[in-house]
Amino acid sequence: KTVSIEHKNYVQINTGHIDIKKYNLPKKYVVIPSGFTAAVREMNPKTFDGITDYVIKRGYTPVYLGSHKALTGTELNIEANFKCDYSKGVNLINQTSLLEAHHIISKSAAIVGTDNGLLHMAAMSQIPIVMGFTTLNPELRIPYRNNILGWNTYVVTPPKSLKCQGCQS
């Protein structure tokens with residue numbers, strides 16, 4: 001059965017009652033999540049650090065969210081060994097609850113990362129999302145908001161010249 005578009009929208013969550021003052025966030029920030037649930041979705045450190053530098057150059061402070069341990073819903077749990085420079089921003093990795101993370105994201109100027117849970121959680125707000133894809137067709141994963149597939153979501157994919165664009169290998 002075809003589902004009408006208004007039933008495909010991500011639920012919008014109001015986390016305004018969640019207190020995030022203890023994190024002493026800057027006025028202008030962009031969230032960069034570091035987690036992933038499949039090795040093929042990991043953002044490499046060079047790209048991560050490049051995004052950090054770009055965010056700073058544009059006058060924003062990077063805020064890092066996520067967890068170093070991904071619970072994938074299977075018996076396989078991924079222990080991330082990140083070699084990124086978190087000293088250039090506010091490092092909140094492994095420090096927030098999901099509701100706190102959502103509230104922090106919803107107050108940000110944007111979120112930038114590869115397809116992961118925090119980017120989908122960001123879709124439960126109205127902020128801009130820059131979502132990178134490695135192994136999946138973005139049209140299968142980008143969120144519906146305001147009755148539009150990919151509303152306020154900017155997709156980044158590997159170059160079309162890549163032999164296995166969108167494949168799992």
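The following legends describe close-up views of a predicted model of a protein.

**Figure 1. Overview of the protein and its elements.** The protein contains three helices and ten strands. Read from the N terminus, these elements follow the order β-α-β-β-β-β-α-β-α-β-β-β-β. Of the 169 residues, 40% count as buried. The protein exposes about 9,800 Å², and carbon and sulfur atoms supply 55% of this area. Among contacts between residues at least 6 apart in sequence, 62% join residues at least 24 apart.

Figure 2. The six strands are arranged in the order 5-2-1-6-7-10, and their pairing is parallel. Strand 5 (90-91) and strand 10 (153-156) stand at the edges; each has a single partner strand, so one side of each is left without a neighbour in the sheet. Strand 2 (61-65) is joined to strand 5 by two bridges, and these two strands run parallel.

**Figure 3. Strand 1 and the strands with which it pairs.** Strand 1 (29-33) pairs with strand 2 in the parallel sense over five bridges. Tyr 29 has Thr 61 of strand 2 as its bridge partner, and Val 30 stands opposite Pro 62 of strand 2. Strand 1 is also joined to strand 6 (110-114), in this case by two bridges, again with the strands running parallel. In strand 6, Ala 110 is the bridge partner of Val 30.

**Figure 4. The two faces of strand 1.** In a regular strand, side chains alternate between the two faces of the sheet. In strand 1, Tyr 29, Val 31 and Pro 33 lie on one side, whereas Val 30 and Ile 32 lie on the other. Both faces are covered, and five of the five residues of the strand are buried. In strand 2, four of the five residues are buried.

**Figure 5. Helix 2 and its covering elements.** Helix 2 (residues 98-106) has Glu 100, Ala 101, His 102, His 103, Ile 104 and Ile 105 as its buried residues. The cover over these residues includes strand 1, strand 2, strand 6 and helix 3 (117-122). Helix 2 lies across strand 1, strand 2 and strand 6, and runs at about 160 degrees to strand 2.

**Figure 6. The largest nonpolar core.** In soluble globular proteins, nonpolar side chains tend to be buried together. Which residues touch the most other members of the largest nonpolar core? Of its 23 residues, they are Val 31, Leu 65, Ile 104, Ile 105 and Ile 111. Strand 1, strand 2, helix 2, helix 3 and strand 7 (129-132) are the elements that give two or more residues to this core. Helix 3 gives the most, with four residues. Apart from this core lies another, of eleven residues, among them Val 30, Val 55, Tyr 86 and Val 112.

**Figure 7. The surroundings of Ile 104.** Ile 104 is one of the buried residues of helix 2. When residues up to four places away in sequence are not counted, Ile 104 touches Ile 20, Tyr 23, Leu 25, Tyr 29, Val 31, Val 63, Leu 65, Leu 92 and Thr 96. Of these, Val 31 and Leu 65 are named with Ile 104 among the core residues that touch the most other members.

**Figure 8. Ile 93 in the loop between strand 5 and helix 2.** Ile 93 has its place in this loop. Is Ile 93 buried or exposed? Its relative accessibility is 7%, and it therefore counts as buried, the cut-off being under 20%. The C-alpha atoms of Ile 93 and Tyr 64 are separated by 6.1 Å, although the two residues are 29 apart along the chain. Leaving aside neighbours within four places in sequence, Ile 93 is in contact with Ser 34, Tyr 64, Leu 65, Gly 66, Ser 67, His 68 and Tyr 86.

**Figure 9. Thr 52 and its polar contact.** Thr 52 is found in helix 1 (residues 45-57). Thr 52 counts as buried because its relative accessibility is 1%. The side chain of Thr 52 makes a polar contact with the side chain of Tyr 64, at 3.0 Å. Leaving aside neighbours within four places in sequence, Thr 52 is in contact with Ile 32, Pro 62, Tyr 64 and Lys 88.

How values were computed. Residues are numbered from 1 along each chain as its sequence is written. This is a predicted model: local features need pLDDT of at least 70, side-chain atom pairs count only at pLDDT 80 or more; totals for chains, interfaces and linings use all residues. Side-chain values use heavy atoms; hydrogens and water are left out. Buried means under 20% relative accessible area, exposed over 50%, partly exposed in between (1.4 Å probe, protein chains only). Contact means heavy atoms within 4.5 Å. Two strands pair if DSSP finds at least two bridges between them. Axes are lines fitted to C-alpha atoms, for helices over the stretch in contact, and angles run from 0 to 180 degrees between N-to-C directions. A nonpolar core is a set of buried Ala, Val, Leu, Ile, Met, Phe, Trp, Tyr and Cys residues joined through side-chain atoms within 4.5 Å. Accessible areas come from the Shrake-Rupley method with a 1.4 Å probe; for residues, only the protein chains shown count as cover. A polar contact is a pair of N or O atoms within 3.5 Å; within protein, one must be able to donate a hydrogen and the other to accept it, and residues adjacent in sequence count only if both atoms are side-chain atoms.
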